[in-house]
Amino acid sequence: MRMRPTLSWTPVEGLPPGTTDLEPIIEALGAGGLLVLSGAGISTESGIPDYRGEGGSLSRHTPMTYQDFTGSAHARRRYWARSHLGWRTFGRAHPNAGHRAVAAFGRHGLLAGVITQNVDGLHQAAGSEGVVELHGSLAQVVCLSCRALSPRQELARRLEEANAGFEPVAAGINPDGDADLTDEQVGDFRVVPCTICGGILKPDVVFFGETVPPRRVEHCRALVREATSLLVLGSSLTVMSGLRFVREAAQAGKPVLIVNRDPTRGDRHALTRVELPLGAALTTVAARLSIPVEG
């Protein structure tokens, strides 16, 4: 599946407005077998901005595309300088109440699984198990030549050594770990190659315009087939990689529930869209179900 580089969409007119009623979500969770699909909005309370919400990063930042990254040494230098700085911020982020609530639902056997569009690893840090990272993880790096995987911490150490004194101040951090830096701040930042073959290193994440691994997509489809309902948390569903699972669930007659402060591209398929902050909403749901949320 190739991620479409869709950065915006036009909301459908005539759909019901968002609500603050959490009862449908409480009922779906209480029935068990619910599948979670999360997006960048669930991590905003951890200090990582989303793409399209209020103050979202797309207002000032265009995400790196696979074609730009592979086709331009200059683009790779700019990306790695910005991502190297952004990685420090990601490393300091901690799971918030929303992540912890999802982990609690899983521990109590209410979930069929968790699919996340995020690359920050915060679901796992909160204790969720078996999380499917649809778009990969910033914690790993892959060589585009020999396909060897290596830890991001190792690359961070090598980049520190190759760029002593690199301490620019970023204007902001984006959900893909890319910090906002000017070309002047990037300067002559040095990119390091694969230690095995000398090839080009890339974060093990799916860039816009890149293909999500088919086996991972099929795994997600199987989770949708096995689930009794689908709960979308903090995603605008703008890109097809996540929207298609919403469509498949709806086509199979399974309830789709969304918690997102703004309209989403999947609202027409949803039973309800709750317009509440995620942390507070999920903590309330957990309390109504008498499920303790750790932390």
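**The contact of H4 with H10**

Mentor: The axes of helix H4 (residues 97-107) and helix H10 (residues 278-288) come within 8 Å and cross at roughly 30°. The model is predicted, so local features need pLDDT of at least 70 and side-chain atom pairs pLDDT 80 or more, while totals for chains, interfaces and linings use all residues. Residues are numbered from 1 along each chain, and side-chain values use heavy atoms, without hydrogens or water.

The crossing angle makes H4 roughly parallel to H10 (angles under 35 degrees count as such, on a scale from 0 to 180 degrees between N-to-C directions). The crossing of H4 past H10 is left-handed, the near helix being turned anticlockwise from the far one by less than a right angle.

On the H4 side, Ala 97, Gly 98, Ala 101, Val 102 and Phe 105 take part; they meet Gly 279, Leu 282, Thr 283, Val 285 and Ala 286 of H10 (contact means heavy atoms within 4.5 Å). Of the residues in this contact, seven are nonpolar, three are polar and none is charged; Gly counts as polar here.

The wider chain gives the setting. The chain has 10 helices and nine strands (DSSP runs of at least four and at least two residues respectively). Of its 295 residues, 53% are buried, that is, under 20% relative accessible area with a 1.4 Å probe. Among contacts between residues at least 6 apart in sequence, 75% join residues at least 24 apart.

Note on methods:
Angles under 35 degrees count as roughly parallel, over 145 as roughly antiparallel, 65 to 115 as roughly perpendicular and the rest as oblique. Buried means under 20% relative accessible area, exposed over 50%, partly exposed in between (1.4 Å probe, protein chains only).
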